[in-house]
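Open the model in your viewer and keep the selection tool at hand. The tour begins with a contact between side chains and then widens to the whole chain.

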Amino acid sequence: MVRSLDMQQVLLQSNAVERVQQVQQQQTDVQQRHFGAQLAGEKRELREKVKDLEETEKVMLREEEERGKKEKKPEENSAKKKKDSVAAPSTDEHSGKVDIRV
């Protein structure tokens with residue numbers, strides 16, 4: 001059996017309990033939003049890193065191509081001279097290989 005004094009105490013505390021429950025629910029919502037914001041920030045950082053890597057790779061490829069072009073120019077001139085002076089290829093009867101001298 002519930003006495004009237006006990007019932008009054010329950011009613012007075014029910015308001016406080018309701019507030020506590022609301023705060024707990026809001027806290028979980030805030031934690032979820034915060035976690036979502038952190039994930040979004042990490043994804044953004046990863047995308048930027050990937051873009052930076054792609055850009056650096058493109059720059060590196062361009063530099064390599066430029067170096068290759070600079071190196072090929074002297075090689076092309078020497079290769080043309082060698083092609084003019086190359087003798088006919090000789091064949092080896094024993095192994096069936098072709099010896100090409102450049």
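The count comes to 1 salt bridge, defined as a side-chain nitrogen of Lys or Arg within 4 Å of a carboxyl oxygen of Asp or Glu. This is a predicted model, in which local features need pLDDT of at least 70 and side-chain atom pairs count only at pLDDT 80 or more, while totals for chains, interfaces and linings use all residues. Residues are numbered from 1 along each chain as its sequence is written, and side-chain values use heavy atoms, with hydrogens and water left out.

Select R67 and E63. Their side chains form the salt bridge, at 3.8 Å from N to O. Both residues belong to helix α1 and sit 4 residues apart, about one turn of the helix. Helices (H or I, at least four residues) and strands (E, at least two) are DSSP runs, numbered from the N terminus. E63 counts as partly exposed because its relative accessibility is 37%; buried means under 20% relative accessible area, exposed over 50%, and partly exposed in between (1.4 Å probe, protein chains only).

Next, select M7, which is also in helix α1, residues 4–84. With 43% relative accessibility, M7 counts as partly exposed.

Finally, show the whole protein. Its secondary structure is 1 helix and 2 strands, in the order α-β-β along the sequence. Of its 102 residues, 2% are buried.
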